[in-house]
Amino acid sequence: LMHSKQKDASADQFFNSFSLTTLKYRPAVLYYDTLLNFQVNTPVVPVLDEEIRALVEKSSSEEFLNGIPDYYSYYPRNRYAAFESDSTGESIYVTIHTFPKYYHAEDSASFWGQQLNLKRIGKNFIIKKNEFFRKSDSICGYRLELTDTNSTRIIHGMVMLRDNRLFTVMTLGDSTAEMSSFVKGFFESFQPLSRKTGPSVFQNKTNAFFNDYYSTDSLTRKRAKDAINYVHFGKEGLPKLLQAIKSLKYGDKDYFDNKTRFIAELGYIKDSTVVNQVLNELKAIHEASFDTSSFQNAAITAIANLNTEKSYKVLKELLLLEPPVFEDSEDYSELFENITDSLQLSRILLPELFQLASIDDYKELINSMLRDLVDSSLVSGADYDSYFPKLFFDARIEWKKQQVRDEKMLDKQVNDDDDQEAYMYGLSFGNKSSSSDLESYAVLLLPFYESNLQVQKYFERLLTSTDGGLQLFTVIRMLKQKLAVPDSIIKSVASKDEYRGRLLAELEEIGQTDKFPAEFRKQEDVARSMLLRGSRFQKFYAIELFDKIRLNHKNKTGYVYLFKYKLMKDDDWMIGISGLQPLDTRMVSGKGELVKLTGVHLNGPDPVSDQFMEQVKRLQFSKRRSAEYFFNSRY
């Protein structure tokens, strides 16, 4: 920017002299960091007080911390270093992660896959470079470059492993410019110090763990016991793990807790060469623990975790013989998470598993598993025909409860003392969990629809429920199964602002948009409904259309509808956005790429249209991977 007292002064000299120059740094020096265990050539060196640094180094060391009796943390804390240039603004950040004492990675491919997590990174960035390097027999890693579309910014990264420490070096730069001498030299010269800080992550730690577990030092022994759940025993550690289980005696300190946790670890040894041995051992433990339910429960949960055809057959036998009873409902959920980890295998448990459905703790989990199997087309009605009578009985009882809720809702609507002029949008009186139960029963009963008249009558009741969400779910499920649904019912769902957009979206998904009523095929009506589809249990005093604008979003052009809404009569108007709708206004869409109730008030100094456009831009930016988290925050 140039200022002058003369109106006709020429700025050519100033602008012609403007040029870009490379960043200049003083000569690099060799910097040693004995606390974080690395060295690097860098012209930018942190200024640190050596006495304070020495004190920090001593007080934060794992040796010092582990010597504190009441201190325990299996995972060491990450450590950080920052190299920042005040003159150029460039910064390089180093993170040092030390792996726990008993950590063991079985192979390098799975280790690097877990540490780099490129699948997750690829959702937010474009991976321009992913290059493996090896500096020596003990030092290797990856060089990364991450970019994004329509941006010149680039993240240079390097992840380097030595023994039990992982070093991450990162900086943000510009892809149109060459690396500065600072950044280039830092990445080329950075390496861990040669001193040994621990065993390699690829070294099996089973012997080290059991040496500590049997140690005569009480603190060392306690630390090992606390770490049982974190140790990867693998097939090499199986003999010692079994020996530890057998050596525990009643009366030993923490006898029940230690033995239960050791039994649970057997379920993670899935190597094909020993998995049958593990299964036999767990079955033997279960049989020998007839008077100790905690050991039986641990054995059954471990068997469910093995995920083999043979283990599921044994699991079915034991579940029917001695169904586990847990104090904590979360333990039932954990058991069924293991069981349903493979739906193909969990099918083996049917139909015998239905015997447990008479137990309240099991019924919901069994029904949920069966629903997943039906949805995955792994079972048909014939596979659980014997379970149908109980299923249908429970479904009718649940419907009776829904009727009571519907009646209360109607009574509330008739006797509502609220302002009768209030226009109430998005208000649902239904019980979400109860509606969910009815939805599950609907899925499970549909295979019997055509062969059972009583089931047909049951679905007629679901279709007339005043719970719009349940009504919508039933409509879509029946249409998906090519079952006839009265046009009047579909029209009833489409007439509700809260459900119109969801109905259209669901019909699009199953390829039956021809069922969407023509009288509601209006962009403004659908856009309003799309705005309300996520507002379950939320009251709105009023919603009004402000404008619609033509917008290009991700190479697609359409209309975005701008609404103003308020929750209470005396509230300020707030901004609502709903789009995209097709350019051909005779068409409608239920996809909803740009839909948001912003919660932002229309009371700023800027023109109303500008306030709307600012929120539209923010919503667009939030759909970009590089800006998702920033623009999803109101602040």
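Select Glu 593 and Lys 556 to begin: the two form a salt bridge whose closest N and O atoms are 2.8 Å apart, the term meaning a side-chain nitrogen of Lys or Arg within 4 Å of a carboxyl oxygen of Asp or Glu. This pair links distant parts of the chain, 37 residues apart, since Glu 593 sits in the loop between strand E12 (574–581) and strand E13 (594–601), while Lys 556 belongs to strand E11 (residues 556–566). Helices (H or I, at least four residues) and strands (E, at least two) are DSSP runs, numbered from the N terminus. Glu 593 is partly exposed at 22% relative accessible area, and Lys 556 is partly exposed at 37%; buried means under 20%, exposed over 50% and partly exposed in between (1.4 Å probe, protein chains only).

This is a predicted model, in which local features need pLDDT of at least 70 and side-chain atom pairs count only at pLDDT 80 or more, whereas totals for chains, interfaces and linings use all residues. Residues are numbered from 1 along each chain as its sequence is written, and side-chain values use heavy atoms, with hydrogens and water left out.

Next, select Lys 129 and Glu 145, a salt bridge with its closest N and O atoms 3.8 Å apart. Lys 129 lies in strand E5 (residues 126–136) and Glu 145 in strand E6 (residues 139–147), so the pair ties together parts 16 residues apart in sequence. Glu 145 is buried at 15% relative accessible area, whereas Lys 129 is partly exposed at 28%.

Finally, move to Arg 528 and Glu 524, whose salt bridge has its closest N and O atoms 3.1 Å apart. Both residues are in helix H23 (residues 523–532), four residues or about one helical turn apart.
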